Amino acid sequence: MLFGGLLALGFISLPLIPVSLMPNTENPAITIITRHAGISPSKIEESLTKPMEEQINGVGGIESIYSSSEEGESRINVLFDTGQNIAKKSLEIRSKIDLIRSSFSREVEEPVITRYDPSDKPIFIIKLESQVFSLKELRDIAEYKLKKRLERIDGISEIQVGGGYQREININIDRGKMNFLKISIESVMGKIRQANITLPTGKVETNNEWVSTRVIGKFGLVEEIKETVLRNIGNQSVIKLKDIAEVSDGFRDIENISRENGKEIVTLYIQKAGDANILTVCEGIKEEIGKFEYQGLTLTTSLDQSEFIKSSIDRVSSSALVGGLVAVVILLLFLRNLRATIIIATAIPLSIFITFFVLYNFKLGLNIMSMSGLALGIGVLIDNSIVILDRIFFLKSQSTNQNYDLSEAPIQLGGEVFASTLTNIAVFFPIFLGSFELKQLYGGLAYTVSFSMLVSFFCSLFFLPVMAKFLLKKDSDFQPIDFTPFINKLKTLPRLKIPSQFTRYKPKPKSFNYRKLFLRSFFFILKKQKIFFGILFLFALGSVFGIQYVKTEYLDPMDSGEIRGSVELESGTHLTATNNLVKNIEDAIRKIDQVAKVSSKVEKWHADLYISLKPASERNEDAVEMIGIFKEAVKDFESAFVYFVESGGGETSRELDVEFIGDETEILQSIAKKAASQISSIPEIQESVLRFRDGKGEVVLDLDIKKSGTSGISSQNLGSEMKTMLQGSIPSKFLDKGREVDIRVRYALTDRMSTDQVINYHILNEEGKNTVPIKELVTVSHGIAETRIYRKNKRKIATITAKIGKGDLGGVSKKIEDLLNKIELPPNYYFEFGKNLKKLKKNQTEMMFMVCVAIFLIYAILASLFQDYIYPALILITIPLALIGIILILLIFGLSLNISVYIGIIMLCGIVVNNGIMLVDQIILRIHSLKNKTVADKTILRIVAKSTLERLRPILMTTLTTILALFPSLIDTGEGSQLWRPLSITVFFGLSISTILTVYTIPILFLKIRHLRA
């Protein structure tokens, strides 16, 4: 009843456990976004970015500070050390910024602090379409209704609205009329501001109470704005705004265009916080979308990253289920006893579902790594039960007592089973001695597998004997299934007639006896042991030398069926020109058969493409091959640089960042361009991408101080009026149904078409009597202005990204490092690699530490079990035997050494010693049972051979159930299989090769040790 209750709790707990693709290993991070419209990048850097960096630098626990300053916006990304409390740090940074907030210009918007997502990619894209609403109305619905609702979902860091038109009241002034009437643009804004205001005027006392009074002068209609009086010229005549300007209910200058399959739409791009769970966030978004009802509006999901995660989890779960069924079939074939098979098979669901209950109580989640561990563990989970039940059958066959006590088997083998379980679990102990990142990455796997192993151990000792007592009551219950009737029926089926010439020499059928085959091969190898160990030594030597040729990755790239493209044009390219070119690129990509959908977000001189591929079953090419096809399709668009990357990104990305750090932007960019050119010559590199862009052209108006002084026009006056004339200013807001709409004042488009027009503008002096042409006050020159300034830890950086093709991250990074070391850098300038390589190197070091500590712990456990120092060392030989097989398989299949393979190696360290434990324990048990302790070598040989033969069946059963349970995931090549397939390959071949070598190596070496000790 106890196990049944725990099983039920496991069923209840499963849907409550959070699920993710991979453990979250990102550093906690936040972003500070501060906007000051119309200000140049260099000014943003000096006035906002640098002062805030200085303040933030005093906050403890910071790993790195990255910042970018672009026109009108400062963005600072603060990465903290792992384990920091992000909520507390956000408050601390907010208080630091508040100390200098008063020093910012009044036009600077309030800094916004959000949780930062290092991937900087949307996890969910929503498309808005309608046959009723215009793009302008769709933008309003997205911006002010849907976005507001979605922002309440925990885990969302930022929502960007793309496409459509943003409503704005446009006041386009006729420059000629304004100059003729000698009205300044500042006075126009002042009149609008004065006419659209609500002011409290005080209180009056009436009937023994105070009543507040206020004056309301708000615009109620757009038509009222046109009637704003600018000047009273007498005789009841006035100059109104409509006399010098065109007033319209229009929209802002278009900043971006959103499109899907050629149709212009409005889109929401949703990004998650760095520490948020994608599945949880996406489920929250879909739930909110389901509640959002707006007549005439259609909401469609263009991108949902949770679908790939769900698909991957479902695939590994189905592989585990099929693997469990395969393991049960193998048991049935070996045991040939249905009752015994049922007894052992019940250990699988019991162990797994009770583990779910434990995970829920420990507040642990499930991911691909822990699920893969469980899938692997399905075969291992029944190992203890197999050993115990095999002993029950053996002792029953040796006993003549009808009332045989079934509990003797677990009593006899309790120590052996406990040691095997402990070695399986001990390999995970070093994880908790490592870094915080190591615990984050492997902690969930360690807990999941360890809990399942412990549950299976208790099942084998307490649950299995009880089940056996009920299902194995009679002698007939121990008898194997007779397959003879089934075989006879098969013989009666009609057969294909074979010509006699092919059956003339038909050999007589022989029954297969694996025990006899093993004994023959064992004594043959015993005679030829020098040759056997010589060959084994050569394979070991080959593995040692071959490991340097094994590729190294953090994770193999995943084919999620999504590819992201980036289109870069020359700085300063107009949005219309960018849009036309991107349209043509989209058309070229859509013509490719494997493409299902192309979405785009077009901005000034830049565009993002989101390409959805057809399901993997409908195409032969993977994501990497599709990128090659896309590059070929767009190669004729020479005016644009088009870059494609797998949407899986993040830890599976095949991109390597190189950061050049110094003080002067021009020098850094020159070094980066030279390095990118040389890196591109490496054969394994597909292309090198500059993560910065050249400056764009600008017209500089250098004001003559003397002339400005005599004309009565100050620098501030000139600058502010020109800003209003060209870019426009917002003197006030138009209130419509509770929502504020910007009122923008500027010159009409026909008056701001060229530089010549600008320098011919007339500015009214401070006295308001005379106008002065700008060209008489300034010297005009042309220059290059930075488009965006990047900094890291308060120093400027220039970054390049190397896209890796057929090579591996570890090997390619070594070539790049050797190449970059040959470039002479100025003093105090240096380069460093991005987080992908740092994470790979740190992972390799920590994994080596884990394997070494795990082997030591296994040795310590075995030494305690056998009360000996030599036999544990003998058993540990099974580990290098497995490693020989793993390295050879990695080389043969061209697989990389990544975290999935490391997990397989760690688990193998605990699994492969089980076979050695069974062999050595059985041999020692038989030797100790002898009355005469002094025995001849031939007697020891017989004992070793007989003990190995006795243990051969459980060894083969446990091995076959483990490796064949992995077979479904081994042959799975679908989406997401790159995460668990390397683990399956590692354990499948490592355990197979180790088992074959162990059953020969351990007995022979035992004889050698026994002979030396004699």
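**Salt bridges, buried positions and local backbone features**

Across the whole structure, a search finds 49 salt bridges, a salt bridge being a side-chain nitrogen of Lys or Arg within 4 Å of a carboxyl oxygen of Asp or Glu. The model is a predicted one, in which local features need pLDDT of at least 70 and side-chain atom pairs count only at pLDDT 80 or more, whereas totals for chains, interfaces and linings use all residues. Residues are numbered from 1 along each chain as its sequence is written, and side-chain values use heavy atoms, with hydrogens and water left out.

Among these pairs, the side chains of D742 and K733 meet with N and O 2.3 Å apart. D742 is buried at 12% relative accessibility, whereas K733 is partly exposed at 32%; here buried stands for under 20% relative accessible area, exposed for over 50%, and partly exposed for values in between (1.4 Å probe, protein chains only). Both residues belong to a network of salt bridges that links E168, R252, K733, D742 and R744. A salt bridge also joins E110 to R101, at 3.3 Å from N to O, with E110 partly exposed at 44% and R101 buried at 19%. In a further pair, E307 forms a salt bridge with K286, and the closest N and O atoms are 3.4 Å apart. This pair links distant parts of the chain, since E307 lies in helix 10 (residues 305-335) and K286 in helix 9 (residues 278-291), 21 residues apart; helices (H or I, at least four residues) and strands (E, at least two) are DSSP runs numbered from the N terminus.

Helix 25 (residues 715-726) has 12 residues and reaches 16 Å from its first C-alpha to its last, close to the 16 Å expected at 1.5 Å a residue, where the expected span is 1.5 Å times one less than the number of residues. Within helix 25, the residues N717, L718, E721, M722, T724 and M725 are buried. These residues cover an arc of only 160° around the axis and therefore lie on the same side of helix 25, the arc being that of the directions from the helix axis to the C-beta atoms. Just after helix 25, G728 takes a positive phi of about 95°.

Positive phi values also occur in residues other than glycine, including K182, with phi near 55°, and Q867, with phi near 50°. K182 is found in the loop between helix 5 (175-180) and helix 6 (185-195) and is partly exposed at 40% relative accessible area. Q867 is placed in the loop between helix 28 (835-866) and helix 29 (870-875), and its relative accessible area of 68% makes Q867 exposed.

T1001, in helix 34 (residues 977-1013), counts as buried at 1% relative accessibility. Apart from neighbours within four places in sequence, T1001 is in contact (heavy atoms within 4.5 Å) with F532, F533, L536, I877 and L881.
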